[in-house]
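Please keep the model open while going through them, and look up each residue as it is named.

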Amino acid sequence: MGQKVNPIGLRLGVNRTWDSRWFAAKGEYAKLLHEDIAIREAIMKALKQAAVSRIVIERPHKKCRVTIYRRVPAS
């Protein structure tokens, strides 16, 4: 049997990028990760019918930028 490969990790750098872009100082990583998860869950719950395809969270210095992408239906 072969090794299992994460499909997102396989495509990183080729046709996809990270869904979260930030750096955490020592001891901050777990807190920021839980905040990211809570933000994603709240957005997906609020926009359940909005066809959200991807949520990107960036954290520049002491700020948080959330970008929401939605699927565009094919015509």
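1. At 17% relative accessibility, does R59 count as buried or exposed? The model is a predicted one, and in it R59 counts as buried, because its relative accessibility of 17% falls below the cut-off, which is set at under 20% relative accessible area. The residue is found in the loop that runs between β2 (52-58) and β3 (65-70).

2. The side chain of R59 takes part in polar contacts that you can trace one by one. With the side chain of D36 the contact is 2.6 Å, and with the side chain of E35 there is a polar contact of 3.2 Å. R59 also lies over the face of W22, at 5.8 Å from the ring centre. If neighbours within four places in sequence are left aside, the residues in contact with R59 are R21, W22, L32, E35, D36, I39 and C64.

3. D36 is buried, because its relative accessible area is 2%, where the cut-off for buried is under 20%. Apart from neighbours within four places in sequence, D36 is in contact with S20, W22, I57 and R59, and with R59 the side chain of D36 makes the polar contact of 2.6 Å already described.

4. A search of the whole structure finds one aromatic pair; it is formed by W22 and Y29, whose ring centres are 5.5 Å apart and whose planes meet at 40 degrees, so the pair is described as tilted. Another arginine placed over a ring is R54, which lies over the face of Y69 at 4.4 Å from the ring centre.

5. The strands can be read as an open sheet of three, in the order β1-β2-β3, with mixed pairing. Because β1 (20-21) and β3 stand at the edges and each has a single partner strand, one side of each is left without a neighbour in the sheet. The strands β2 and β3 run antiparallel and are joined by six bridges, and E58 stands opposite R65 in β3. Helix α2 packs on this sheet, where it touches β1, β2 and β3, and its direction makes about 150 degrees with that of β2.

Methods:
Residues are numbered from 1 along each chain as its sequence is written. This is a predicted model: local features need pLDDT of at least 70, side-chain atom pairs count only at pLDDT 80 or more; totals for chains, interfaces and linings use all residues. Side-chain values use heavy atoms; hydrogens and water are left out. Buried means under 20% relative accessible area, exposed over 50%, partly exposed in between (1.4 Å probe, protein chains only). Contact means heavy atoms within 4.5 Å. Rings of Phe, Tyr and Trp (its six-membered ring) pair if their centres lie within 6.5 Å; planes under 30 degrees apart count as stacked, over 60 as edge-to-face and the rest as tilted. A charge sits over a ring if NZ of Lys or CZ of Arg is within 6 Å of the ring centre and within 35 degrees of the ring normal. Helices (H or I, at least four residues) and strands (E, at least two) are DSSP runs, numbered from the N terminus. A polar contact is a pair of N or O atoms within 3.5 Å; within protein, one must be able to donate a hydrogen and the other to accept it, and residues adjacent in sequence count only if both atoms are side-chain atoms. Two strands pair if DSSP finds at least two bridges between them. Axes are lines fitted to C-alpha atoms, for helices over the stretch in contact, and angles run from 0 to 180 degrees between N-to-C directions.
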